[in-house]
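Subject: Structure handover

Hello,

Here is the structure I promised to pass on. Please open it first, then read my notes below.

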Amino acid sequence: MKNWGFKISKPRVLDFDTANLDAYNRLIEKVPSAHRCLMCGACTATCTANLHTTFNFRNCHLMFRRGQFEGLAEELDKCMLCGKCKLVCPRGVNTRAIIYNLRIVLSDLNYKKIEL
Amino acid sequence: MNTIKKHFWNEYQKEIANDNYYYERSCIRQSFFPGSETAFLKILRDELGKKIIDDQHQHTCTGIGYHSDIVQFDTTMTICARLFSLMSDNELKNFVPSCVTSFGVFTEVVETWNQFPEELEKTRKFLREATGREFKIPENIAHPSDIIYKYRKELKQKMKYQLVNHKTGKPLRVVEHTGCHYGKIFSHHAVGGAEFPQVLAGMIEEWGGEVIDYPERRHCCGFGFRQYLVMANRGYSVANTKKKFESMEEYKPDFVLTNCPGCTMFMDRWQYTIAEMEGKTYDDNGMGIPVLTYEELAGLLLGYNPWDLGLQVHQVQSESLLDKIGIAYDPADKFIGKSGKFIGIPEKPEILKVDYDG
Amino acid sequence: MDKKVLIIGGGPAGIETAYSLALQDVKVVMIEKDANVCGNIQNWEKLFPDFKDAEEVRKILSQKLNHPNIEVITNTEIKNLYPQGNLWFAKNDDERIFEANAALLATGFEVFDAKRKEELGYGIYDNVITSADFEKMYKSRKILTAEGRVPQRIAFLNCVGSRDEKVGNHYCSRVCCINAVKQAIEFKELVPDAKAYCFYMDMRMAGQFYEELYRKSQEKYGVTYIRGRTSEAAVTRDNRIQIKAEDTLSALPMKMTVDLLVLMVGIEASAGTTLLSEQNDVLGLYGFAKPLGLYSEDNMTTKPGLFLAGTCKRPLTLPETLADARSAATDIIKYLKTTK
Ligand SMILES: Cc1cc2nc3c(=O)[nH]c(=O)nc-3n(C[C@H](O)[C@H](O)[C@H](O)COP(=O)(O)OP(=O)(O)OC[C@H]3O[C@@H](n4cnc5c(N)ncnc54)[C@H](O)[C@@H]3O)c2cc1C
Ligand code: SF4
Ligand code: SF4
Ligand code: SF4
């Protein structure tokens with residue numbers, strides 16, 4: 001192919017028409033309280049893994065909601081499943097169950113397989 | 001401390017039995033801090049005149065396995081039930097688990113049975129089928145630190161030393177660290193509640209010391225089960241300990257007091273790791289900040305021999321602290337075991353300073 | 001009219017209903033548990049959104065009670081409210097009995113007890129105060145730390161005791177967002193060089209002029225708003241307060257040390273509201289009283305002759321409370337006219 005000296009930029013838009021938004025329903029089946037999250041960040045503020053690594057549980061959850069799966073499984077693997085986040089959540093979201101089930105759903109979607 | 005503070009903590013009081021205890025030992029403490037449990041039994045029997053049974057038939061509570069998701073809760077309940085049946089064999093009703101993790105497990109199991117009676121029936125059936133045993137739920141579960149807290153005034157009467165610098169007459173400044181599973185699972189089972197437990201602070205203040213309130217006081221010691229037990233997470237474990245020490249450093253604590261095997265272990269040993277990894281110690285002399293169990297502290301103030309209490313097997317050496325309080329000790333005895341035999345001298349760390357030649 | 005109405009609670013709702021009824025020739029007995037009338041607004045200094053001096057409003061309200069049809073009884077806490085036939089009776093501890101043709105519950109609210117959010121350190125750390133404490137301090141136009149220093153950094157935490165499943169209150173208290181904006185401005189006017197932060201989950205600026213005030217707080221006073229719920233507070237060596245949150249918009253965990261931390265406490269049903277509602281089977285959610293319906297029946301209850309006004313039903317601002325009180329008066333008169 002010819003080198004034009006410039007490239008056609010890829011869209012970086014969060015495209016709600018093409019994103020896989022249905023995967024979220026599979027999480028909701030397992031963890032109905034996930035719907036209640038209002039993204040306040042109290043969980044992330046208290047999370048030990050978040051303080052020492054790039055891991056941000058709230059953001060992972062949001063990205064999954066938006067159908068953005070790339071790199072998520074790797075991030076989620078940084079969680080220790082300690083459950084501290086669950087203690088502070090003002091909406092009573094079962095945070096730990098979200099992380100656990102997200103990994104399973106992502107694995108089913110062929111993002112970083114886990115053997116169960 | 002202002003008055004509102006005192007009042008607030010006082011809202012969390014718990015019942016602690018007076019006498020006739022069944023002691024449940026920790027799996028790990030006897031190798032990490034070998035003098036602590038013995039000291040506790042001695043204090044209860046000789047100083048306070050209490051009856052406490054130290055039973056040779058006991059076993060794990062599954063705590064570490066349970067919290068790392070290796071042991072299922074059904075199994076944990078059944079194993080705890082067997083321990084309760086041993087207590088019943090001794091015709092005792094007051095259960096005293098040495099370890100904070102175990103304390104958390106027992107309170108969780110009993111609370112589960114209270115709220116879900118069908119789980120209790122299931123456990124009874126499992127235990128019967130597996131061992132033919134029956135059990136009664138303890139009337140009182142108290143952590144040994146609760147008992148020392150309860151009798152802190154009586155013990156003070158018998159103490160030879162105080163938490164005071166004997167040269168300057170100033171109170172020693174102490175960081176207290178209560179194990180997470182002591183109060184963070186059920187705050188009403190903790191003296192002082194979950195956020196501001198009073199169990200160790202009460203001992204320190206009663207015995208003449210001053211409690212340091214530093215920003216990361218409530219933060220985890222760094223053990224955190226998953227943080228330490230999984231090799232890949234171990235970096236978090238040290239990072240958390242480091243965060244605590246960084247936060248307490250400017251207060252220049254004389255020592256750290258803990259009531260949980262994990263906390264004592266990690267706050268003590270990770271100081272070595274941090275020193276060897278980053279060349280950093282959190283005291284002025286490069287020797288680290290001593291970390292004591294409450295039994296060791298009580299024993300020291302009561303005048304027990306520091307080497308009988310096992311202080312020589314700590315990572316951070318405690319001579320500087322003994323000198324401050326004015327406790328007499330014989331350096332030549334340090335590595336002579338209880339049997340009178342030489343127990344060997346540990347290797348000298350490269351960076352963390354110690355006052356022995358290994 | 002030869003009819004009498006009992007009003008339980010001498011706050012803004014009670015007073016405004018009393019006056020509206022009195023103007024229509026209805027006799028009113030208003031019973032207040034405290035020594036003074038005006039309820040919770042006795043504790044506020046200037047009101048949002050227009051910084052009106054609360055004292056002026058208190059004066060206007062108190063004057064309304066001078067009407068000859070109104071009898072005010074203070075220092076009397078009603079412990080028992082019940083109907084008998086077509087009449088309503090109220091009793092206090094001394095078994096003093098009041099009797100009337102209808103009764104109005106105007107027992108209002110109490111601010112959330114911030115000690116219940118232990119992790120925020122109220123009652124433990126000297127430099128953690130509530131928005132109600134802020135009002136008290138502001139009376140002297142001095143906002144100072146416990147040590148008497150002028151704070152260089154102050155933070156307001158929204159939703160303390162509201163929108164929080166952990167304390168059992170799912171609802172929004174309505175007044176605290178705008179109150180934080182108001183107090184941040186008041187602080188910045190006193191100490192222009194200082195930094196003021198407000199931690200929020202959503203900024204709820206639905207009232208008239210609220211959004212404008214929010215905007216002004218940013219434009220003119222440089223108040224910084226951080227979207228994140230604070231998870232804990234701790235004390236530092238110099239007795240300042242360290243807080244932790246996630247700055248959700250940058251998706252980074254953050255910590256900040258402030259000289260003074262102000263907890264924006266929410267509105268909870270008062271003990272009297274819950275007790276008297278329970279006695280009459282009109283207890284709604286969270287201890288508030290439950291109206292018959294949300295629309296035209298908002299001042300009525302399932303009990304004929306028992307009416308509701310103000311914050312005994314739900315969190316309301318002062319203008320909303322007053323409007324609600326006047327609407328209650330209309331319903332009460334309608335009832336008195338049609339009942340023997
Ligand atoms: C921090 C804060 C700041 C606020 N600032 C503003 C503001 O700036 N502007 C604004 O518009 N709104 C403000 N509000 C809202 C305002 O305070 C309320 O709208 C108003 O006080 C409601 O009046 P009320 O009569 O319904 O209740 P209350 O003010 O609570 O009055 C109820 C009265 O009933 C009495 N009572 C209770 N039980 C009994 C009993 N059993 N027997 C006898 N008497 C009893 C109480 O003593 C009290 O006097 C604020 C609210 C809060 C929490
Ligand atoms: S604390 Fe709860 S509501 Fe807040 S972001 Fe985390 S999961 Fe969502
Ligand atoms: S369970 Fe995971 S996300 Fe929650 S606090 Fe622990 S490490 Fe953080
Ligand atoms: S008004 Fe604002 S601060 Fe108050 S509860 Fe509602 S959202 Fe929270």
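Arg163(C) is found in the loop between strand 12 and helix 4 of chain C. Its phi is near 50 degrees, a positive value in a residue other than glycine. Arg163(C) counts as buried, at 6% relative accessibility. Please keep in mind that this is a predicted model.

Lys112(A) also has a positive phi without being a glycine, at about 45 degrees. Lys112(A) sits in the segment after helix 7 (95-108) of chain A. It is partly exposed, with a relative accessible area of 40%. Why flag such residues? Most residues other than glycine have a negative phi, and most peptide bonds are trans.

Phe48(C) and Pro49(C) are joined by a cis peptide bond, with omega about -5 degrees. Pro49(C) belongs to the loop between strand 3 and strand 4 of chain C.

Now the aromatic rings. A pair of aromatic rings is described by the distance of the centres and the angle of the planes. The whole structure, searched over all chains, holds 33 aromatic pairs. One of them is formed by Phe48(C) and Tyr210(C). This pair is edge-to-face, at 5.9 Å centre to centre and 90 degrees between the planes. Phe48(C) lies in the loop between strand 3 (46-47) and strand 4 (52-53) of chain C, and Tyr210(C) lies in helix 5 (residues 210-219), so the pair ties together parts that are 162 residues apart in sequence. Is each partner buried or exposed? Phe48(C) is buried, with a relative accessible area of 17%. Tyr210(C) counts as buried too, at 8% relative accessibility.

Next come Tyr171(C) and Tyr286(C). Their ring centres are 4.7 Å apart and their planes stand at 55 degrees, so the pair is tilted. Tyr171(C) is in the loop between strand 12 (153-160) and helix 4 (176-190) of chain C. Tyr286(C) is in the loop between helix 6 (271-279) and strand 20 (306-308) of chain C. The two are 115 residues apart, and the pair links distant parts of the chain. Tyr171(C) counts as buried, at 11% relative accessibility. Tyr286(C) is partly exposed, with a relative accessible area of 34%.

Chain B has a ring cluster. Ring pairs link Tyr22(B), Phe84(B), Phe95(B), Phe106(B), Trp113(B) and Phe135(B). The ring of Phe135(B) also has the charged end of Arg124(B) over it, 4.5 Å from the ring centre.

One more residue in chain B is on my list. Val71(B) is in the loop between helix 4 (63-67) and helix 5 (73-89) of chain B. It is partly exposed, with a relative accessible area of 23%. What does Val71(B) contact, leaving aside its neighbours within four places in sequence? The residues are Thr62(B), Gly65(B), Tyr66(B) and Thr76(B).

Now chain A as a whole. It has 7 helices and 0 strands. Its C-alpha atoms fill a box of roughly 60 × 30 × 30 Å along the principal axes. Of its 116 residues, 47% are buried. The accessible surface of chain A comes to about 6800 Å², and 54% of that belongs to carbon and sulfur atoms. Take the contacts in chain A with a separation of 6 or more: residues 24 or more positions apart account for 63% of them.

Last, two ligands. Which residues are around ligand 2? They are Cys37(A), Leu38(A), Met39(A), Cys40(A), Gly41(A), Ala42(A), Cys43(A), Arg58(A), Cys89(A), Pro90(A), Val93(A) and Thr95(A). By class, this shell has 9 nonpolar, 2 polar and 1 charged residues.

Around ligand 3 are Cys47(A), Phe55(A), Phe57(A), Cys79(A), Met80(A), Leu81(A), Cys82(A), Gly83(A), Lys84(A), Cys85(A) and Ile99(A). The shell around ligand 3 divides into 9 nonpolar, 1 polar and 1 charged.

Best wishes

Methods:
Residues numbered from 1 in each chain as written. Chains lettered and ligands numbered in written order. Predicted model: local features only at pLDDT ≥ 70, side-chain atom pairs only at ≥ 80, totals over all residues. Heavy atoms only, no water. Phe/Tyr/Trp six-rings, centres within 6.5 Å; stacked < 30°, edge-to-face > 60°. Helix = DSSP H or I, 4+ residues; strand = E, 2+ residues; numbered from the N terminus. Buried < 20%, exposed > 50% of the residue type's maximum accessible area, 1.4 Å probe, protein only. Lys NZ or Arg CZ within 6 Å of the ring centre and 35° of its normal. Near = heavy atom within 4 Å. Nonpolar A, V, L, I, M, F, W, Y, C, P; charged D, E, K, R; others polar. Contact = heavy atoms within 4.5 Å. Areas by Shrake-Rupley, 256 points an atom, 1.4 Å probe, with all protein chains shown as cover.
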